[in-house]
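Open the model in your viewer and keep the selection tool at hand. Each stop below names what to select and what is found there.

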Amino acid sequence: MGNAAMTLELIENLKLKIDGGYEDYAQRDDRFYGLTTYYVTNSATYKNTPASQYRDFNRRKYRNTNTLNYDFEKLFNNPDHSLNILLGEEMTISKTNQVTAMIENFPLFFDSQMAWNFLSTGTAVSMANVINPDDNLLSFFGRVNYDYKHRYSFGATLRADGSSKFSKANRWGYFPSAAVSWTISNEDWMEGTRNYIDQLKLRYSFGTAGNNNIPTGQINKEFSGSTSSWISPGTTYWTAGKIMNNPDLKWETTYTHNIGLDFSVFTGRVSGSLEVYQNTTKDLLINFPITGSGYDSQYRNIGSTRNRGIELTLNMPLVSSKNFSLNLSGNIAYNINKVTSLGGLETIYSQSYWASTEIGDDYVVKVGEPLGNMYGYRNDGRYEASDFTYSDGKWVLNEGVADDSAVIGAQYLRPGAIKLKDLNGDGKVTVADREIIGNAAPDFTGGFALSAYFYGFDFSANFNYMIGNDIYNANKIEFTSSRKFYNRNLVNMMNVADRWSSIDWGTGELITDPDALAAANRGTSMWSPFIGNAVFSDWAVEDGSFLRLQSATLGYTFPEALMERISISKLRIYVTGTNLFCLTNYSGYDPEVDTRRATPLTPGVDYSAYPKSRGIVAGINLTFARKAVETGTSEVVKTVSRPSKKSSQLESDYNALKGDYEALKSKLADSRKEYEAENARLRNDLADANEQIKDLKASAKDCDKAVKEAKLSGLLRTIYFAEGSYALSEHARYTIEEIADMMKENKDMTLSFVGSTNTNGSEEYNFKLSENRVNAVTNALKALGIPAERFTDLKWVGKQGMTKSGECRRVVVNFAE
Amino acid sequence: MKKIFTLIISVAAICASLASCDAILDQESPSTFGDQIVFSNYDLTEYNIFGVLHSFGETNNYRGRFLPWYGFNTDIEWYNGTYKPGDGRYDIAAYNIASNNSQLNLANGPYNMMYSGIERSNLIIEGLRNYGNTDTDAGMAYLLGETLTLRAMIYYDLIKAWGDVPARFSSVNGESIYVKKANRDVIFKQILSDLEEAIGYLPYPNTTKAVQTNDRVNKVFAEGLYARIALAASGYALRPDDGGEGTGDLGTVRLSNDPELSKSNLYPKALAFLKDAINNGGCSLTSDYEAYWKRQSNLSNLPFDGETLYVIPFSDNRGRWNFTFAVKANGASINGYTIASRGGDAGPVPTMWFEYDADDQRRDVTCVNYSWGKNGPEVAGIGSWYFGKYRFEWMTSQPYTGGNDDGVKPVVMRYSDVLLMAAEIENELNGPAGAKQYLLPVRERAFAGHEDKAEEYVAAISSKEAMFDAIVKERALEFCGEFLRKGDLIRWNMLKSKMDETIGKMMDLRDLSGEYSYLTGNIWHLLSDDEQSLRIYGLGKGETAAPDASWEVEEGYVTKYDDAKKTGFFAEKIQGLYYVNPDSRQFWPIFDDTISNSQGNLVNDYGY
């Protein structure tokens with residue numbers, strides 16, 4: 001992957017940036033099928049011989065971005081206003097293709113490496129190179145930012161994106177955004193609060209964003225070939241695919257409104273922000289199942305959803321001194337999700353398919369309800385012996401007891417079977433007796449962190465929590481139902497002592513007397529695990545609220561003074577624990593679980609998920625001083641062992657810590673990221689400060705200029721003479737004295753003279769007269785102590801360019817620096 | 001100056017990149033073709049037809065769910081598995097099926113996959129009509145004929161299984177994704193007229209390169225299919241009131257109200273096609289009945305043999321016909337024919353063997369009463385019979401090693417069906433005289449070596465009713481195990497009555513009463529000379545003692561049952577031939593997965 005950029009300043013304050021990038025991605029997926037695999041024994045064309053797959057996926061992405069940025073500072077020449085305009089264009093081209101080959105009929109002794117290295121020894125049964133349509137995006141965008149006195153700012157952006165994934169009519173999406181903010185704390189009338197309010201900023205923004213995250217090639221009906229080993233007349237077949245095309249696909253758009261208040265008070269002791277937002281997403285792109293029409297599914301823009309919520313973030317560095325600091329931070333978010341439209345449909349049912357099709361629909365999306373609604377039966381405990389009478393060798397359900405044989409299977413309906421509620425009162429429990437029994441979305445989410453420093457010891461802890469989410473505990477159903485499998489009744493809650501048994505454990509026969517049956521099961525509470533189908537009821541929906549200590553670190557940094565003596569600039573030892581505890585009422589392994597992710601409509605299912613592990617890592621940060629080693633701040637793990645230790649001991653220590661090295665590396669990468677984020681923030685602050693300084697400097701410069709100009713404005717002096725005379729009048733002498741004073745005051749000022757006369761008289765005569773006049777003035781100045789070096793230009797023009805007026809009988813004295 | 005220069009250059013660069021604007025956003029995959037190219041080319045169109053054939057082999061389509069489950073129980077074939085109402089498998093056979101049936105309620109189940117095949121055919125037909133030049137190009141016309149016939153076959157199977165279904169005769173577009181059920185008469189009329197068109201394009205079997213094998217459609221198959229569908233459309237069936245399909249209508253067993261689908265309209269057309277097939281098709285019956293079925297099991301029924309008209313074109317790696325229906329193998333059998341229990345899911349009803357005359361060569365090929373154990377063929381009990389037409393031990397050129405597919409290509413239609421349909425229609429229109437010439441060849445082949453018996457029998461039929469009864473009986477004898485009976489009984493309005501007859505006969509059999517009173521109740525058995533089958537003696541008339549000492553005896557074989565313990569030939573199993581009145585359940589429900597994905601457009605009828 002490579003990127004290159006070039007910035008040109010075309011004219012002052014107009015910058016053109018040309019940016020380009022190239023990314024090359026390749027992925028290999030090679031497989032080997034051995035003699036006991038299902039593929040080799042059943043599906044292969046050459047059965048019972050090893051087979052292998054070669055698959056090579058390539059993607060090449062080209063990107064070019066051009067932006068033009070103009071800063072209006074010079075044009076305005078006023079530090080109160082700042083305006084910045086950016087225009088840009090971007091094009092991204094992405095080309096992909098995938099080569100897949102299936103080779104069978106290898107010699108029996110071949111293993112995987114041999115099969116991949118000697119592909120020609122097998123027989124190729126299929127070979128495909130699928131070249132996808134290019135995924136191209138062309139965008140034009142513009143942005144305006146305006147700021148007044150750093151109190152009021154306004155910004156607006158408009159973006160137009162055209163994607164090749166959509167057809168011509170729907171290709172272009174237009175996404176405007178705007179934001180305004182009011183930095184209240186910079187107002188003049190807030191002067192009095194500067195002691196305790198550092199920053200108070202109110203902001204509102206409105207934005208739109210587009211999403212085109214679907215595969216390419218969805219708009220046209222196109223035919224392509226595949227290999228078939230299922231039919232006798234040939235080995236190739238062509239179809240239009242199993243996903244139906246949709247020429248009406250268009251951009252999915254998200255509209256966000258956001259009002260926020262940023263605050264920082266008591267010199268940063270408490271800072272944070274409060275935000276209220278609403279996000280609406282329209283025309284969601286979903287791969288919608290349409291089985292029964294001839295295709296399996298189709299991508300569509302369907303429906304809209306809305307999220308509203310409030311978020312509060314707080315950061316409180318409570319104490320901050322050289323040897324002791326304590327910092328608390330946290331955030332909490334409250335979010336409500338609602339489906340506002342399903343494109344004409346009232347409900348969409350979906351299945352999680354964890355039990356294949358045994359359960360049927362277990363999630364429902366309804367207009368006006370949030371996503372993630374679980375749909376199932378209400379559990380009513382179990383059938384007791386008193387619900388049945390035993391006649392004719394069969395258990396017959398008594399009148400008035402709801403019959404759930406349609407759900408669990410007719411031959412499983414007997415005392416001890418699971419009982420479900422009949423919600424519609426028809427005496428039977430059928431698919432019509434289901435309702436919404438839970439929702440996977442949480443009410444509150446967030447986290448908090450605390451960090452402290454005390455004389456060299458540092459401690460930090462990060463928590464995260466979620467309140468109000470429900471979890472579909474499919475594992476609980478799986479391990480308490482026999483269904484059509486063996487070895488499913490595995491958990492202790494179905495211990496024979498706690499659940500229903502229909503067998504007399506003494507004789508091994510089924511108990512047929514209702515009283516004996518009831519007596520045998522006194523003291524048990526669970527139903528019988530013997531059931532025909534998996535049943536989803538509210539017994540399997542649990543509250544998944546939790547509080548987790550994600551990580552905690554305790555470290556100690558050795559005093560610098562001590563370390564400097566041995567050329568170490570920093571030595572810190574620490575121990576970190578990850579996932580130390582999770583407080584929750586959920587009975588499964590881990591409440592943060594979402595296993596059925598094929599569709600976003602079935603969240604929160606816990607089926608066969610791998611629980612999070614707990615980790616403890618101990619480590620050392622060691623930084624050598626610059627003079628000693630030119631390694632900068634590279635982290636090194638050293639075994640801390642004294643030379644007297646045996647080498648085998650050293651070796652085992654080394655091996656033990658080597659294992660931890662990788663964990664340390666990633667931990668350090670994380671802290672480096674945090675550090676850099678902090679750095680970036682500080683840099684931003686610095687940039688802001690620099691901006692302010694620049695402004696001040698500019699205004700200072702202006703000031704000086706103004707002062708100078710003021711001084712110079714009244715400095716053009718004219719000395720008048722009588723007709724035909726070059727004698728200095730009283731007034732003239734006075735003026736010359738003033739000039740001399742000024743010259744003495746401003747040592748670097750110089751003078752230039754232009755002498756002239758009126759038009760009476762000849763050219764020659766006036767020329768000489770003007771010369772005399774100039775000399776009279778200069779001599780007078782010399783007499784007052786102004787040296788001749790300070791006279792830069794002595795000029796006399798006679799009557800040239802003059803009039804009859806007496807005003808022209810003059811010498812004009814100019815000051816210059 | 002320099003600055004203006006750079007300004008111009010950069011603006012020019014930007015303009016250049018913008019100029020190729022729109023073109024860059026029009027993208028197509030180089031690995032695909034549009035329909036104009038595909039359907040004006042013979043090979044590419046043929047590959048699309050292979051796409052339709054490929055859909056037959058989908059895991060839970062014809063291969064794994066439709067062929068193994070459709071067609072029983074009837075009065076001649078029944079499910080050999082455990083009698084267990086509530087068990088998904090027994091329920092399908094015994095007309096007790098529910099819309100969440102564990103075997104058939106699948107996302108890739110037969111209904112969904114058949115419509116996938118229909119959509120592919122619709123695309124081909126539209127493409128050929130638009131771009132294929134079928135008027136002038138005989139090759140493309142053949143492909144059009146083949147596709148029309150395949151679509152008709154799939155629709156006929158959809159109607160057989162589900163009754164009224166959505167009528168899709170053009171490719172799916174944005175508006176037609178969700179379609180309600182249509183009255184099946186609409187579909188019948190369309191596919192019958194499609195077949196009339198297709199018959200014109202198709203060649204007779206084995207006359208062109210394309211139709212040298214039975215996995216491609218030929219004219220005789222299309223003509224036979226026309227007759228088969230015409231008989232079904234003009235016959236009885238459980239139908240909702242006209243306009244009541246998809247409303248939860250219970251339906252009544254009646255004929256169609258549409259005059260175009262009346263017997264008087266359809267029968268003459270069908271007979272004309274059948275006569276053309278019989279006179280000009282170049283077909284003939286294989287004289288050795290067993291040899292005919294050996295070919296199918298041995299995966300060698302693809303080359304034209306005169307009798308086979310069309311097979312489901314599974315490759316040697318696909319298909320579950322023998323896996324499901326072959327003579328049962330219990331676990332790993334001797335000679336290694338299987339490595340696990342396979343076959344024998346369904347079989348002839350126990351009384352079927354007795355329906356055949358002793359000289360009918362079809363009797364011991366169709367009905368066998370042994371299964372394979374560890375040590376070879378063993379008696380299976382009077383209640384468990386298997387189709388001897390399908391045997392693992394005949395799979396010699398490609399032995400079945402026990403995987404999930406066996407490669408057998410099931411026969412869709414045979415020439416004897418063409419003959420018997422012609423006899424039935426000719427009898428209905430013109431009386432028995434003209435029908436005898438069609439019934440006779442079937443009978444003669446059955447009585448190979450005793451042809452005079454066949455001639456006598458046919459000659460003795462004197463009335464229309466007698467001929468009809470003879471055809472009803474002959475179709476049972478000829479097609480037992482091929483699952484055509486259910487369709488026949490439904491269209492004759494005899495489904496429940498014939499099944500009740502069979503129940504009565506089975507109860508008689510186990511009590512050695514009625515027509516079975518000559519039995520001693522014992523049988524004797526002996527391994528055949530080639531050790532590939534078991535000879536059984538004692539069920540025929542006059543077989544009262546062992547032929548010689550080498551035969552082993554099974555005392556009380558026929559009367560072995562315990563009704564209380566539900567073992568052997570127990571009463572509930574016999575009466576469980578159907579669990580619910582079959583005339584109210586002639587069709588399967590559309591299963592829950594499809595219903596829930598139809599966004600309310602599909603509703604089950606018939607009380608489901």
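**First stop: a loop tryptophan**

Select Trp189(A), which is found in the loop between β9 (172-183) and β10 (197-211) of chain A. Helices (H or I, at least four residues) and strands (E, at least two) are DSSP runs, numbered from the N terminus. This is a predicted model, in which local features need pLDDT of at least 70, side-chain atom pairs count only at pLDDT 80 or more, and totals for chains, interfaces and linings use all residues. Residues are numbered from 1 along each chain as its sequence is written, chains are lettered from A and ligands numbered from 1 in the order in which they are written, and side-chain values use heavy atoms, with hydrogens and water left out.

Is Trp189(A) buried or exposed? Trp189(A) is exposed, at a relative accessible area of 56%. The cut-offs are under 20% for buried and over 50% for exposed, with partly exposed in between (1.4 Å probe, protein chains only). Leaving aside neighbours within four places in sequence, Trp189(A) is in contact (heavy atoms within 4.5 Å) with Trp182(A) and Ile184(A).

**Salt bridges within chains**

A salt bridge here is a side-chain nitrogen of Lys or Arg within 4 Å of a carboxyl oxygen of Asp or Glu. The count over all chains comes to 79.

Select Asp262(A) and Arg203(A). Their closest N and O atoms are 2.8 Å apart, in a salt bridge. Asp262(A) lies in β14 (residues 252-265) of chain A and Arg203(A) in β10 of chain A, so the pair ties together parts 59 residues apart in sequence. Asp262(A) is buried at 17%; Arg203(A) is partly exposed at 22%.

Next, Lys768(A) and Glu771(A). This salt bridge has its closest N and O atoms 3.6 Å apart. Both residues are in helix α10 (residues 763-783) of chain A, three residues and about one helical turn apart.

Move to chain B and select Arg510(B) with Asp563(B): the salt bridge is 3.0 Å between closest N and O atoms. Arg510(B) is in helix α21 (residues 495-511) of chain B, and Asp563(B) is in the loop between β14 (561-562) and β15 (567-568) of chain B, 53 residues apart. Arg510(B) is buried at 5%, whereas Asp563(B) is partly exposed at 33%.

Stay in chain B for a network of salt bridges, whose members include Glu307(B), Asp360(B), Arg362(B) and Lys389(B).

**Where chain B meets chain A**

Show both chains. The contact takes 70 residues from chain B and 68 residues from chain A. About 6100 Å² is buried between them, 56% of it from carbon and sulfur atoms. Buried area is the accessible area (1.4 Å probe) that two parts lose on being put together, summed over both. Select Leu25(B), His54(B) and Asn317(B): they supply 11% of the area that chain B buries against chain A, more than any other three residues.

The rule finds three salt bridges across this interface. One to select is Lys242(A) with Glu58(B), at 2.9 Å, N to O. Then colour α7 (110-131) of chain B. On the side of chain B that touches chain A, α7(B) gives the largest share, eight residues.

**Last stop: a sheet in chain A**

Select the open sheet of three strands, ordered β32-β31-β35 (chain A), with mixed pairing. Its edge strands are β32 (541-543) and β35 (605-606) of chain A, each pairing on one side only. Strands pair if DSSP finds at least two bridges between them. β31 (residues 470-473) of chain A and β35(A) pair in the parallel sense over two bridges. Finish at Asn473(A), whose bridge partner in β35(A) is Asp606(A).
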